Amino acid sequence: MSPAFSNKAVKKMQQEQKRRLSKHLRQQAKKKKNRKAREQKKQVPASASAERDASPAQRKNAASINASSVGPQQQIAQAGDTVPLLFCKRVTISGTKYGGTWIQPDLLKQASYNFSGVFLYAISQGNVATTVSSQQVYVGSVALKFLPNVTPPTVTQYYKSESQMAAAKNVCPITSNKIFCDIDTAYYVSKFQSPKGFIERWNPNIETYFYNNRLITRGEGDTTNSTWSVPGTAIKAFEIETGIDRTADYWAGTSGAANFTFNFNATFFQGGAISGGYAVGFVNPFSIPIGTFGAPFSSNFFTILFGTSNPCLIVYPEATVNKQSNPSNPASTGQLYGLELEEGYSPVSNPAAFPSSYDFTVFSDITFLEIDGDIYDAVQQGNPRKTTRQISIFYDNGADVVLYSQGLSTAGPSNQFVDLAMHLFALIKRANPNNASISQPIDTSNLQALATFSQNIKTFFNGVIDQSVNVVEYVTSMAPFFLLSFISENGRYSLQPLLPLSSNNIDVSALTPVKTFTEADILPGSFSKVYFDQAQRRNFNVSVIFRESSAQEIGGQRTKTVRFSATANDAPTEQFDMTDFCTNQEHAEIYAKYELSRRKHSTHTISFDVPLLTTSLIPTQIIKVQRQRINTTGDDRTEIETYQVTSIEHASDGTTSILAMHFPVNSSGVSLISNDVVNTTFEVV
């Protein structure tokens, strides 16, 4: 085949393919679209834990609870969840209290000790030195101290540092001996024996674990002559894993259980006849007192009883309660719900002192809160109580951090954003004032001044960081809410004020630009000016949402709308959610004023290149740009504007690129934005 013939054949085939494709596309265009079809959601593999961590349900900042509602059910912690960071400090300024925050922690562990609930919560990374009292801890919408008809639960806080845990790895920081660090050691309500029928199930480790158990009678009123009975022929035994019926094996293993009558809640005369029943609340401790663990059962427990080494269970059918079990005594007038069994199991004989082979260091540097007492939901028709309402806690002070805001002089709780930023870098091992080998990633020379500025304008951080964050991205996005900017400066990061300061307050005097750029400085052809879209510059209302810091109302949210007095009520509204950290109205208002003023006065941005700058010009500083403006009609005039630097980049070709935002001043050289924030009267509703 000649090359010419081959090329013609290929060309013909390409034309035919093109014709067929065009026909196919025309046919597809005529078809009706399937409007119900949706693209399959793409799921990133091995991301379930991360998605749960980022879900709204995992937020630990307290949500408002309606006073007429008992609130949502308690959230349960799962493997992979982020331990929150509680960061707050309550201060009094001119007689007014600011700060503190509510937190709604997840339930980490739950136990039952002598039929009293024990609950453990992870409050915060780090040491929360302030211990809350029972009136600051709410279950649902009621404080623990004021729960009706129960003894007020006790509240205990635990913490051990990394060094303390490293010195004794086997010593759990939770020292009540009611709830344990070891995952295999616990006291718990294992089953509820009900006359309506129940399943008898044993701990799979009964043959090897040390144990403790007891029964309590549940019901209402008088049950002292109430029992129920089940004949042995009515029960069924099964192997759990295979479902094999092991009833006959059980009868054989117990020497004739088919001939037994199983009596529940019964007391007996010496001769074996039923003398009555137990009163509601009676605890049968058997032979082992609470807090003591007996030796494991026979190593062949299941084999002896059921003829198999696999765990088994027994099904008891519904029975009728006999309220006059002893015919010589009057019938009981109350209602017997059943018997609740509380068990304790541990791989060691004394859980109060674990052997040195155990390692509980994963519990280090975390503040835990333990609640001991009755906070369960109410009993419903005798069902065992296992659920609770969501716990909400008001903390005056959060975790102790290094106080850069006070010149590294001490450690303690803080509400200063500069301390939070440095603490987050410390958590990722990028900042440590006591370790000279770690280079500080942030310029710390101005942090005290910025803290004073925040104190003066009352911009405090009181909240909970409850999700995994990229530290640089988080600090960068949060800084503007405190009228700060997180910038890159000369090879490291820096926090700088968004508005010029004087004596740690917003400067409303004439500004002196740090540098003036003229035509002689700007490289030809590099200057450009971009005006903001008109929609961004029109009058609008700012709606800010923040949280109450009152210890008397769970996470109450408030909203304020701020606008210039000339702005119409029905102008567009832009909302800013500050509930993660803002607990006072002054903070919310000053940020709203800054946003309104910036959008009103700043009309454009500029960018230009200059020969490589060797001066220390940094973002947020104020510069002046002076250019000669010549248009086609011969209008020749000098244009002078002030700008705030937003970005500086140095290139390898010996040039510096500058991006800046319009930052206008009045005839006296005073910033229009700063003057509005400080001196203009805004409407706040």
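Is Phe-115 buried or exposed, and what is its relative accessible area? Point 2 has the reply.

1. **Overall.** This is a predicted model. The chain holds 11 helices and 40 strands. Of its 685 residues, 45% count as buried. Take the contacts in the chain with a separation of 6 or more: 75% of them come from residues 24 or more positions apart.

2. **Phe-115.** This residue is buried, at a relative accessible area of 11%. The cut-off for buried is under 20%. Phe-115 sits in the loop that links strand E5 (107-113) and strand E6 (116-125). Its phi is positive, about 65 degrees, and it is not a glycine. Most residues other than glycine have a negative phi. The backbone here deserves a look.

3. **Phe-286.** Here is another non-glycine residue with a positive phi, about 55 degrees. Phe-286 lies in the loop between strand E18 (283-284) and helix H5 (301-306). Phe-286 is partly exposed, with a relative accessible area of 44%.

4. **Helix H7.** H7 spans residues 447-457. Its buried residues are Leu-447, Leu-450, Ala-451, Phe-453, Ser-454 and Ile-457. Down the axis of H7 they fall within an arc of 155 degrees, so they line one face of the helix. An α-helix has 3.6 residues a turn, so residues three or four places apart point the same way. Just after H7, Lys-458 takes a positive phi of about 60 degrees.

5. **Helix H8.** Which residues of helix H8 (residues 471-478) are buried? They are Val-471, Tyr-474, Val-475 and Met-478. Seen along the H8 axis, these buried residues fall within an arc of 95 degrees, so they line one face. They pack against H6, strand E26 (463-465) and E27.

6. **Helix H11.** In H11 (residues 672-679), the buried residues are Ile-673, Ser-674, Asp-676 and Val-677. Viewed down the axis of H11, they fall within an arc of 160 degrees, so they too line one face of the helix. Asp-676, a charged residue, is on the buried list. The buried residues of H11 pack against strand E30 (505-506), strand E34 (557-564), helix H10 (585-601) and strand E40 (682-684).

7. **Cavity.** How many cavities of 30 Å³ or more are there? The count comes to 1. The largest cavity holds about 40 Å³ of space. Its lining consists of Phe-527, Lys-529, Val-625, Glu-639, Glu-641 and Tyr-643. Strand E38 (residues 636-650) gives the largest share of that lining, 3 residues. By class, the lining has 3 nonpolar, 3 charged and no polar residues.

How values were computed: Residues numbered from 1 in each chain as written. Predicted model: local features only at pLDDT ≥ 70, side-chain atom pairs only at ≥ 80, totals over all residues. Heavy atoms only, no water. 1 Å grid on protein atoms, 1.4 Å probe; cavity = no way out; pocket = protein on both sides within 12 Å on 5 of 7 lines; lining within 4 Å. Points joined across faces, edges and corners; volume = space filled by probe spheres on them. Helix = DSSP H or I, 4+ residues; strand = E, 2+ residues; numbered from the N terminus. Buried < 20%, exposed > 50% of the residue type's maximum accessible area, 1.4 Å probe, protein only. Contact = heavy atoms within 4.5 Å. Arc of directions from axis to C-beta.
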